[in-house]
Amino acid sequence: MTSATAPPAAGPSPVHRRPSVLLRVWWSDTLAGWAFISPTVLLIGLFGLVPVVWAFVLSFEQNDLISPGKWVGLDNYRKLLHDPAFSNSVRNTVVYTLVFVPVCVIGSLLVAALLNRRVRGITFYRVAVFIPVVTSTVATATMFNWLLDPDFGVVNAALNKVGIASQGFFRDPKEALLAIVLMTVWGWLGFGVIIYLAALQSVPADLLEAAAIDGCTRWRAFWRVEVPLLAPATLFLVIWLTINSLQLFDEIFVTTKGGPVGSTTVVVYYLYVQAFQFFNGGYASAIAYALFMAILVITAIQLKVGRRLSHGER
Amino acid sequence: MPYPTEPPALVKPLPDDDLSQAAHSHRPSPWHFLLLPLSLVMLTPLVWMVVTAVSTPEESRQFPPALPTSIQWSNFADVWAGSPFGHWLVNTAIVSGVVLVSNLVLCSTAGYAFARLRFRGSGLAFMLLLTTLMVPFQVVLIPTLLIVKSFGLIDHLGALIVPNLVTAFGVFMMRQFFLALPPDLEEAGRIDGASRLGVFMKILLPLMGPPLATLAILTFLSIWNDFLWPLVAIQSPENMTMQLGLSTFQGAHLTDWPLLMAATLMSQLPVIVLFLLAQRVFVRSIASSGIK
């Protein structure tokens with residue numbers, strides 16, 4: 001209980017004064033605790049909790065964000081079910097997520113496996129894969145506007161060189177969403193690689209050696225030994241990338257603005273248009289809540305399925 | 001303002017690139033045949049941005065494209081002359097500087113209190129904090145705008161600062177780091193008669209260097225990358241941050257690709273240089289969260 005550095009007359013004997021010391025400690029902890037957390041509680045309350053409740057109320061109102069709102073009950077939610085533009089945005093978001101997440105997860109797994117070795121220049125290779133992660137979304141989108149320009153873009157030039165005709169990319173309703181996938185995979189790949197590389201470091205080397213002694217090829221060992229051990233990282237990535245792709249906005253705003261003919265209008269872009277171009281604050285809040293609930297449900301399902309799968313494999 | 005919802009992953013440092021081992025083999029590894037094309041594909045957008053940034057408008061309108069014959073440094077000067085680029089840079093620096101310092105202070109103090117102090121109300125406060133972690137930013141966007149408007153902060157840098165002064169994710173992350181410290185450290189300090197604040201400042205904070213660096217980098221990246229919130233909160237060009245400014249610059253110079261690429265290049269230079277200087281810390285920080 002005593003410390004060598006304590007001065008001899010530091011205080012009264014702890015045994016003698018125990019109750020009051022405990023009381024004092026409790027008091028000082030309560031005071032110190034609230035002194036430490038009160039700015040945070042105030043700020044999170046004001047900008048975290050109040051808006052969540054407020055948005056819920058807004059979703060039952062007709063509100064142009066300037067004049068006082070009018071209570072309309074469930075009208076906004078009813079409108080959601082019958083709004084073809086909203087269901088189009090849901091469809092686009094689902095298609096985007098279903099393509100983007102698997103491509104990004106499998107892509108980063110393979111690239112991480114490729115980068116997880118000691119060869120000359122590996123730092124260069126890693127930096128090349130990681131730099132897009134710190135490149136901002138707007139800068140990424142501006143660069144891809146130029147790369148994928150139908151008339152002067154360098155990608156079309158490369159395609160022509162191998163005998164493929166020029167593509168419209170962001171200006172072709174059939175291709176725009178896929179072009180968005182291509183661009184965002186470029187931006188997110190390095191993130192997945194960072195997660196997988198960290199997880200690959202924790203695969204015990206003796207497991208791989210044992211597999212090699214048993215006559216397992218390196219390729220088989222990767223799929224049968226390493227990939228199952230990476231299950232927690234994969235689950236994290238799938239959930240995290242899904243949450244982010246359901247909230248896609250920046251890249252759409254800078255490249256296609258939801259076009260051509262609504263082919264890239266995703267849910268958050270539609271929300272933005274409703275709130276800040278049509279001033280339907282109530283309807284936009286209902287969209288936001290629908291998105292919130294969808295994210296909660298999808299995350300819960302992914303967690304459940306993911307846990308069952310990884311238990312089944314053991 | 002993306003709020004990651006997953007707890008920080010436990011991350012080991014990546015292995016060093018071990019040249020001594022590679023130097024033992026006589027021939028280059030066959031993996032280069034995959035690694036080199038991969039890295040070239042990943043670098044193409046950036047390299048092409050740099051090439052176009054020093055081209056003339058005529059050169060950018062050749063098809064198939066060709067490398068520029070001379071370096072057009074004037075493009076960079078034209079960006080500065082034709083837009084409040086300097087304002088955007090300074091605004092971004094101010095917003096990220098203030099938000100960064102306040103997050104370091106508030107997240108670590110609150111994280112410490114939630115990890116170590118037993119006091120009335122802490123459980124409830126922490127639960128509410130966790131609840132806000134799960135909420136996507138789009139849900140709180142409109143009410144936050146109305147709150148900020150009632151403070152008179154619309155179209156003001158304060159609008160970008162005040163709602164970001166502390167993040168629930170930062171508090172949660174710092175709490176996890178404080179929980180990982182052995183409690184004996186502070187008990188010794190407490191018995192020596194140090195106050196809670198004294199223990200926190202003199203004993204615990206010096207041990208929190210790496211977590212604080214992680215928090216600093218994540219906060220910086222999220223402010224740097226923030227777009228939707230500045231888009232709705234700021235209108236005047238001279239009050240914009242880099243991301244928002246760049247997007248309006250693109251709207252104003254739709255087909256002047258050399259000018260656009262010069263602006264994009266300059267806007268990304270600070271963060272890319274920072275990344276190259278502190279690659280290891282960046283990678284570790286990104287691995288422990290979900291920031292993009």
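Where in chain A is the place of A:Phe279? The legends below, all for a predicted model, begin with that residue.

**Figure 1. A:Phe279 in the loop between H12 and helix H13 (281-313) of chain A.** The phi angle of A:Phe279 is near 55°, a positive value in a residue other than glycine. A:Phe279 has 14 C-beta neighbours inside 10 Å and therefore counts as partly exposed. Most residues other than glycine have a negative phi, and most peptide bonds are trans.

**Figure 2. The loop between helix H11 (250-255) and helix H12 (267-276) of chain A, with A:Pro260.** The peptide bond that leads from A:Gly259 to A:Pro260 is cis, and its omega is near -15°. A:Lys257 is also found between H11 and H12 of chain A. Its phi is near 50°, a positive value for a residue that is not glycine. Because 13 other C-beta atoms lie within 10 Å, A:Lys257 is partly exposed.

**Figure 3. Crossing of helix H3 (residues 84-115) and helix H10 (residues 231-246) in chain A.** The two axes come within 9 Å and cross at roughly 145°. The crossing of H3(A) and H10(A) is right-handed. On the H3(A) side, the contact is made by A:Thr93, A:Tyr96, A:Thr97, A:Phe100, A:Val101, A:Cys104 and A:Val105. H10(A) contributes A:Thr234, A:Leu237, A:Val238, A:Leu241, A:Thr242, A:Ser245 and A:Leu246. By class, the residues of this contact are 9 nonpolar and 5 polar, with no charged residue.

**Figure 4. The side of chain B that touches chain A.** Here 94 residues of chain B are in contact with 92 residues of chain A. Helix H2 (residues 32-53) of chain B gives the most to this side, with 12 residues. The side of chain B that touches chain A comprises 62 nonpolar, 22 polar and 10 charged residues.

**Figure 5. B:Glu58 and B:Pro64 in chain B.** B:Glu58 lies in helix H3 (residues 57-60) of chain B. With 9 C-beta neighbours inside 10 Å, B:Glu58 falls under the limit of 12 or fewer and so counts as exposed. Its C-alpha atom is separated by 44 Å from that of B:Asn164, 106 residues apart along the chain. B:Pro64 lies in the loop between H3 and helix H4 (74-82) of chain B. The peptide bond from B:Phe63 to B:Pro64 is cis, with omega near 0°.

**Figure 6. Domain 1 (22-73) and domain 2 (84-252) of chain B.** Taken over C-alpha atoms, the centres of the two domains are 38 Å apart. Chain B has 16 helices and 0 strands. Of its 292 residues, 46% count as buried.

Notes. Residues numbered from 1 in each chain as written. Chains lettered and ligands numbered in written order. Predicted model: local features only at pLDDT ≥ 70, side-chain atom pairs only at ≥ 80, totals over all residues. Axes fitted to C-alpha atoms, helices over the stretch in contact; angles between N-to-C directions. Helix = DSSP H or I, 4+ residues; strand = E, 2+ residues; numbered from the N terminus. Left-handed = near helix turned anticlockwise from the far one by under 90°. Contact = placed C-beta atoms within 7 Å. Nonpolar A, V, L, I, M, F, W, Y, C, P; charged D, E, K, R; others polar. Domains from an automatic or database assignment. Buried ≥ 20, exposed ≤ 12 C-beta atoms within 10 Å, placed from the backbone.
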